[in-house]
There are 6 protein chains.
Amino acid sequence: MADGSPASSKHHVFSSWPSFAGVPTRSLDDLEDAGVVIVGAPFDWGTTNRAGARFAPKAIREADYLGTDGWRPHVPTGINALDVLSVVDVGDLPLIPGYVEESIDVIADSVESIARAGAVPITLGGDHTVTFPDATGVARVHGFGNVALIHFDAHADTGETHFGHLYGHGTPMRRLIESGAVPGNRFVQIGLRGYWPGPEVFAWMKEQGMRSYTMSEISERGLNTVVDEAVVHAADGADAVFLSIDIDVVDPGMAPGTGTPEPGGLTSRQLLDTVRRLAKDLNVVGADIVEVSPPYDGPGQITAYLANRIVLEILNGMAERKIAGNS
Amino acid sequence: MADGSPASSKHHVFSSWPSFAGVPTRSLDDLEDAGVVIVGAPFDWGTTNRAGARFAPKAIREADYLGTDGWRPHVPTGINALDVLSVVDVGDLPLIPGYVEESIDVIADSVESIARAGAVPITLGGDHTVTFPDATGVARVHGFGNVALIHFDAHADTGETHFGHLYGHGTPMRRLIESGAVPGNRFVQIGLRGYWPGPEVFAWMKEQGMRSYTMSEISERGLNTVVDEAVVHAADGADAVFLSIDIDVVDPGMAPGTGTPEPGGLTSRQLLDTVRRLAKDLNVVGADIVEVSPPYDGPGQITAYLANRIVLEILNGMAERKIAGNS
Amino acid sequence: MADGSPASSKHHVFSSWPSFAGVPTRSLDDLEDAGVVIVGAPFDWGTTNRAGARFAPKAIREADYLGTDGWRPHVPTGINALDVLSVVDVGDLPLIPGYVEESIDVIADSVESIARAGAVPITLGGDHTVTFPDATGVARVHGFGNVALIHFDAHADTGETHFGHLYGHGTPMRRLIESGAVPGNRFVQIGLRGYWPGPEVFAWMKEQGMRSYTMSEISERGLNTVVDEAVVHAADGADAVFLSIDIDVVDPGMAPGTGTPEPGGLTSRQLLDTVRRLAKDLNVVGADIVEVSPPYDGPGQITAYLANRIVLEILNGMAERKIAGNS
Amino acid sequence: MADGSPASSKHHVFSSWPSFAGVPTRSLDDLEDAGVVIVGAPFDWGTTNRAGARFAPKAIREADYLGTDGWRPHVPTGINALDVLSVVDVGDLPLIPGYVEESIDVIADSVESIARAGAVPITLGGDHTVTFPDATGVARVHGFGNVALIHFDAHADTGETHFGHLYGHGTPMRRLIESGAVPGNRFVQIGLRGYWPGPEVFAWMKEQGMRSYTMSEISERGLNTVVDEAVVHAADGADAVFLSIDIDVVDPGMAPGTGTPEPGGLTSRQLLDTVRRLAKDLNVVGADIVEVSPPYDGPGQITAYLANRIVLEILNGMAERKIAGNS
Amino acid sequence: MADGSPASSKHHVFSSWPSFAGVPTRSLDDLEDAGVVIVGAPFDWGTTNRAGARFAPKAIREADYLGTDGWRPHVPTGINALDVLSVVDVGDLPLIPGYVEESIDVIADSVESIARAGAVPITLGGDHTVTFPDATGVARVHGFGNVALIHFDAHADTGETHFGHLYGHGTPMRRLIESGAVPGNRFVQIGLRGYWPGPEVFAWMKEQGMRSYTMSEISERGLNTVVDEAVVHAADGADAVFLSIDIDVVDPGMAPGTGTPEPGGLTSRQLLDTVRRLAKDLNVVGADIVEVSPPYDGPGQITAYLANRIVLEILNGMAERKIAGNS
Amino acid sequence: MADGSPASSKHHVFSSWPSFAGVPTRSLDDLEDAGVVIVGAPFDWGTTNRAGARFAPKAIREADYLGTDGWRPHVPTGINALDVLSVVDVGDLPLIPGYVEESIDVIADSVESIARAGAVPITLGGDHTVTFPDATGVARVHGFGNVALIHFDAHADTGETHFGHLYGHGTPMRRLIESGAVPGNRFVQIGLRGYWPGPEVFAWMKEQGMRSYTMSEISERGLNTVVDEAVVHAADGADAVFLSIDIDVVDPGMAPGTGTPEPGGLTSRQLLDTVRRLAKDLNVVGADIVEVSPPYDGPGQITAYLANRIVLEILNGMAERKIAGNS
């Protein structure tokens, strides 16, 4: 790697990282002209197994080797989505370690304020608990029931309770359905596998109208076919789409730094291509990338790198859509 | 992840792990009604390169984030194989570090006693040395020559000697052929690659009637085609099948924690699907999963997770077969 | 693994590693009868992000679990390329940490002397800076403009400058084009992705006649199709081919130990098959494998293993070609 | 290491660890005849920096290489404290990740029930939040104000709030003083250093009558002198003593696996000798060892080993005291 | 840890770190009123063994768990040196990887500009090469020959050349003597040990009037005695003192993350106490802390923590001196 | 670090390491003029807990950052012991993984041949099992009963059996006493601690006349006093001394890479000073350094560095003795 960037004076990447890709920093009450807002939710106290995701927003921003110049021209398309979309970064939310409900409120209100400012919030989690307040905040603005949620994950996250409590990283999707923020028939889940939850929960999910694709079905029918269906399903009656990407949808070989790894997932290439396509074909009004856990990521921090690029590919799809006049 | 399990009081997974997935523990002399017996063989003194597999049985049992409740409903099928098959765990065998032959005897006798009790032994190795006593123990019950062995591995493990000695992790398949426990024409090997052994050994293997599929052949012809042939081959005249899975058949990217990694292997998804299919289509009377080496697995311990799921997918295939009335 | 090797007395691999696979060691002024020369370029001071590649030559040689006996029979073909090709190892070049230009001169002169001795140099980098002197050294012997360069990489490495200087790991391909050692129309690049360089650089690359395949194009059209085109392109008017393989062309999941990881790359199986095919179909006169960074590789050192096998697969392709009489 | 133990049939330590040193397991409602009760508090959602202490109880139990036989004869004294004191292990408490207050209640009630059964609870934390319910549970039985607390730590843990909430790992000592469970003049703190809290908090601490020894004072006056004073202070009017040991009192070089490392601490030898002496000289009615964080401990897990031995040295001191007839 | 800080709104430490301890950031041309200036020199291309120190400035700033509020009250003294001394942080210098001499010039000029602005530069290295330009920059302002250099290190760093070149991490002290920036008789070295350099170099050092204390001498005579002598020696005729602290002066057990570890060093406690004392007793006009190498530091990053605290203890000594009216 | 060495052309340390410190390599049947012989015993199948010591000889040789030139001038004395003592390296012995008794024979015979050639063998283990054949080989030449053994260790290693077998890493000292190679009254043990073995074994040890110093005794009486006694004890009637150093005598903080870590040990500085003193004061005729386990050593490999320096300090003491005319 070397320069060639128009902002070569900012070439050093050994130092701390001020914002995602070096985009302008803003505060939540100063979002004028922002098209997309990156926000960190350093939250891991909803994790049932390994913690560590509190350090993910920092790790994802720093999983980068280019200049802090807000310039990320996409190799296949030449687009610099950061510029096309007016992306800014508001840093991390002031959450309270060990206090789930208070933290959820902070997230929901903050995301709502971003959406209300007319921008698309992209949240860097945190464990998957954050998707409940995250999608709720978006739905408060775009309308309860009007937003489809495409959910990449090894797990359905539709548990009834978190050890008797409402909120934790295994229950957000059920809470969203119960509140009406995202009705069951607005859900598409991609990548489920493993041994949780059980048949009763899956029966409940089906009753709600959720569409869930397991890795076994994806292996047999092909990912493209599944995504074609997802696009149709998501576009059906919903004005907009929220993308929730649990990094554990990817195989642990390519995403080892996560709390509840489940072998046999998508490849990183598959996920990168798919999120870009979805962001191009659908009207994305919010997204989150969750469950990256840096202490389990090894010296190369490759899971954080993957999460960083997932954000960039979503952005690029959105930029392609905007350039094409569909936004 | 969260609860929803019928045994939610056992929800904590931060503690030590009493048995595989929390199935009932038993001792070797109390196996009545057990359908499948998990047994650990903490053995790594047959390793020519990196040791560490002595800690694999522990690591594989603990590569789990669900409750210790013996409840693992399979997402695609809804089956809880642990229940369907009456799976129990007898813990680890009392092997003697640094004494190969004594340890082999303990394994062979223990596995034999499991098989004689009418149960299917599934051994958590240990290095690949353990497959010699493991398959021998099964063959003593099911008949020398009557059991086919489907062998997933990067290496043929048909070496003449282990530095002049009979037993080590490079020689078990030759020892099984020589003893008649598993004749050469009952072998199917899947995933071979790399630079060992040499042409003379491969010539000897061919003389014995072994069928070996290299990764190159799999790349060209497709894994499904190869597995179709393996099923036919294994079913030909053999009453039953033993599955021996060396984790290094999987690409080191998805299974880094192993002693003799060989790049260019199967994906974890491929292996998970294949072992489930084989266990569904064939009469599995024993299995082992070997060569997981926790000290080389990194902080995420993803290789141990993969091994854990391989066991569960084998069990699920067996359960599907039983439910279908083929067992 | 066990013995069976004709050189079993050298069976121990716990010790230091005298040469690649135990081939004969030589010095640069004693290369008579050598067909291929392995040479280490422990250079990482051209790295813009993570250093560490200075330890790659050592790590790549030691990413091995067989005897130090120069015997590596290829499982699918039975060929021992080390013997067929008279491979030797001259150890590492005496480079000067922190002094780029002096180090470049040492590499260029050394590689030239290998090529002039009639042998094929295979350089174990080192960061990608080394490809400039490496390919230059080859071109001095085989003729400026007469050698095609097939370049596997996530990055184009055609940056204008390295923070205002000519040489660094992001600029070697531009320097080769500017010097005429390898004209632009002799380049084929495979695996590009990510967000660097920008459109102006890609426009310049196109003007030079470079042919660059992104991962997106590879996903859509298939790797085999792309490689078919690469073979035709490379064979068009060039007498010979230089292979430059940046390990980061492979997905970080399978090659985590590298300085500038870019998610979404080739699988290790794809790369191994492809380099062997190219070495069989084309007249390879030099190669390098770069950007392996051991401190970021984790306890399993799987990236170094992959690099070792890439060298062996190139050698096997070359040996197949020689046996077929095409060399 | 080898056998010689009376319980050599339990010699394998590669498997999961059923209890601390293999002492008998019990449940909280079956503590008859138990003299000391080991209990795990897998709690890390009160951590302000690095999480991970939820895995400490498991790691501390497993930081052992002897048999699971409840036999730990102390080398210098020959005493097997586990036997002398009738030590049992009740496993880990069912805490709720992310719900601080509910978890605190579970700990306080559980520890109280142990103390009420006439046993000495030794809690394996968890972050330092657990000392509030832990010492509270003991004080409920032994009397509010009657128990002195000797506190080894780099930090005073007397913060006013945890980001505006009452409970977290920086506030337990203030909460204990405020509730009256342990009055300020019953506190001795050893090992303080670094840059937190500020002068106002130290002034408040002084007002409460707390006695705090900084590492600077220990360096100048000697640890033995300081401990002599601590013994006198603790014995003054208090019937009994609670020991709370934050592993970060030890230098990070010898205890790297912790959440908020502070360089310049005690050596492990100093701490081991001191806790044994205190347990011998004073009437210990409860203890906890907190802030071990396994994900930050490195491959050797030496911090967990140290915590394990701290428990054993406390037990040995208590056993020496009992044998001498002072208990 | 918890709050209590006057700047509790900045309490989150999971995010990127804007400056050392959150002190105000400045640029090099805006240093008015700054008393001490923290500056990063991310330079590791002068390293002869393991690289990685380029990431040290970032790691040292982030080795912190308190708020980014510029508030670090010293536990033993209650002083907040950051405030007393008006400490600011100018970030990292724009050095050029792989270009030693250009980078040296940037450092020397930058440090000079800090000193000329009337501030004390504290440089976060980088490898020890940086001490040549660093002390040179200070000497340009305070006068060649007028500044004593107290050098903590396992190595004398007085090598004649760096593989034939002038500059590298083994030669800075010789270069300073040769240039006259710091004459030999102004040097005090503390902590030397190991097997380099040889007797001729030590003879040369003696001729120059250098005073070098080996760890053997320190073991025999005591560290305090040695430091007493150092203070006298440094104060003799020199107006001011520069402190250069190579982290490898500390034992590798307490400072594992370094490039050339040499067993048998000082403890971290010894070094912390000593640097504070020196900064209190002498007029420090510059300092650097070098050779921290994060990739070798393990998951706890304890070496970076130690380096961070060394800076704080130097600052505290300086603040004590200022408060006492000696500055 | 930099050059200045007379053999600067061999300055690169990134490559594989041919011999300890680059001393001349020899074979066992060509030891003429060798004064000290370094020999590796890559043996870890006698380990009851963590394996990995098979890689220690390689790791210890490579834990070095100076040239491979056989030049290691001791900083405090200026002596290059490698030269004074004519040190050579015969590489690693051809042991058989998993076959204890055969491996023991190879070691005993090899060490005997070294001693018989008039040289002092220094063995790089390997686990502590190797001391039985090692000291036996020396005693065969110097006379059974004539050699005192000074044993640094956390553990007494006097177990009756290794799970019912004679040889393992917990029994070597008992085997030596039983065979008469080293009678009990010729033993001095330094550093014992922890909880093994039990009182009966200690009683047996006392009957044999062994002198064992625990860390508790060392803390109370001081290391120098203990070593004074050890020197007197060892010199009493014995012609010569064998030093056996188990790295776990050092605190795990300074020696984390070992199989059975026991907190509370010596500092590295203490051990380095002590072995040098012993080698200077006594007639050392053999030594070994055992139980270094590289996979547990972390990225810095500091335990291997310590072991390397222990060898060098022993050599320096021997050289000082020789120069003083006492050898």
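A residue is buried if 20 or more other C-beta atoms lie within 10 Å of its own, exposed if 12 or fewer, and partly exposed in between; the C-beta atoms are placed from the backbone. Helices (H or I, at least four residues) and strands (E, at least two) are DSSP runs, numbered from the N terminus.

This is a predicted model, where local features need pLDDT of at least 70, side-chain atom pairs count only at pLDDT 80 or more, and totals for chains, interfaces and linings use all residues. Residues are numbered from 1 along each chain as its sequence is written, while chains are lettered from A and ligands numbered from 1 in the order in which they are written.

1. **Helix α9 of chain F.** Start with residues 268–281 of chain F, which form helix α9. The helix has 14 residues and reaches 20 Å from its first C-alpha to its last. That is close to the 20 Å expected at 1.5 Å a residue; the expected span is 1.5 Å times one less than the number of residues. Twelve of the 14 residues are buried, so α9(F) is largely enclosed by the rest of the structure. Among them are Leu271(F), Leu272(F), Val275(F) and Leu278(F).

2. **What covers α9(F)?** Contact here means that the C-beta atoms of two residues, placed from the backbone, lie within 7 Å. The cover over the buried residues of α9(F) includes α7 (215–221) of chain E. From chain F it includes strands β4 (147–152), β7 (240–246) and β8 (284–290). Helices α8 (223–235) and α10 (302–323) of chain F belong to it as well.

3. **Ile245(F).** This residue sits in strand β7 of chain F. Is Ile245(F) buried or exposed? It has 27 C-beta neighbours inside 10 Å, so it counts as buried. Not counting residues up to four places away in sequence, Ile245(F) touches Phe152(F), Val275(F), Ile289(F) and Ile310(F). Ala287(F) is 42 residues from Ile245(F) along the chain, and their C-alpha atoms are separated by 7.7 Å.

4. **α8 and α9 in chain A.** The axes of α8(A) (residues 223–235) and α9(A) (residues 268–281) come within 11 Å and cross at roughly 25°. Axes are lines fitted to C-alpha atoms, for helices over the stretch in contact, and angles run from 0 to 180 degrees between N-to-C directions. The two helices are therefore roughly parallel to each other. (Angles under 35 degrees count as roughly parallel, over 145 as roughly antiparallel, 65 to 115 as roughly perpendicular and the rest as oblique.) Their crossing is right-handed: the near helix is turned clockwise from the far one by less than a right angle. Leu223(A), Val227(A) and Val231(A) meet Gln270(A), Thr274(A), Arg277(A), Leu278(A) and Asp281(A). (Ala, Val, Leu, Ile, Met, Phe, Trp, Tyr, Cys and Pro count as nonpolar, Asp, Glu, Lys and Arg as charged, and the others, Gly among them, as polar.)

5. **α9 and α10 in chain C.** Helices α9(C) (residues 268–281) and α10(C) (residues 302–323) have axes that come within 7 Å and cross at roughly 30°. That makes α9(C) roughly parallel to α10(C). This crossing is right-handed. Residues in the contact include Leu271(C) and Val275(C) of α9(C), and Ile310(C) and Ile314(C) of α10(C). The contact has nine nonpolar, three polar and seven charged residues.

6. **Helix α5 of chain A.** Residues 172–179 make up α5(A), and six of its eight residues are buried. They are Pro172(A), Met173(A), Arg174(A), Arg175(A), Leu176(A) and Ile177(A). They pack against α4 (131–142), β4 (147–152) and β5 (187–192) of chain A. Gly180(A) follows the helix, with a positive phi near 85°.

7. **Val37(A).** Strand β1 (residues 36–41) of chain A holds Val37(A). With 26 C-beta neighbours inside 10 Å, Val37(A) counts as buried. Beyond its neighbours within four places in sequence, its contacts are Leu31(A), Val88(A), Val90(A), Ile114(A), Ala119(A) and Pro121(A).

8. **Between chains.** The contact of chain A with chain C takes 28 residues from chain A and 38 residues from chain C. On the side of chain A, α10(A) gives the most, with five residues. That side has 15 nonpolar, eight polar and five charged residues. No contact joins chain A and chain F, whose closest C-alpha atoms lie 10 Å apart. Chains C and D have no contact either, with closest C-alpha atoms 10 Å apart.
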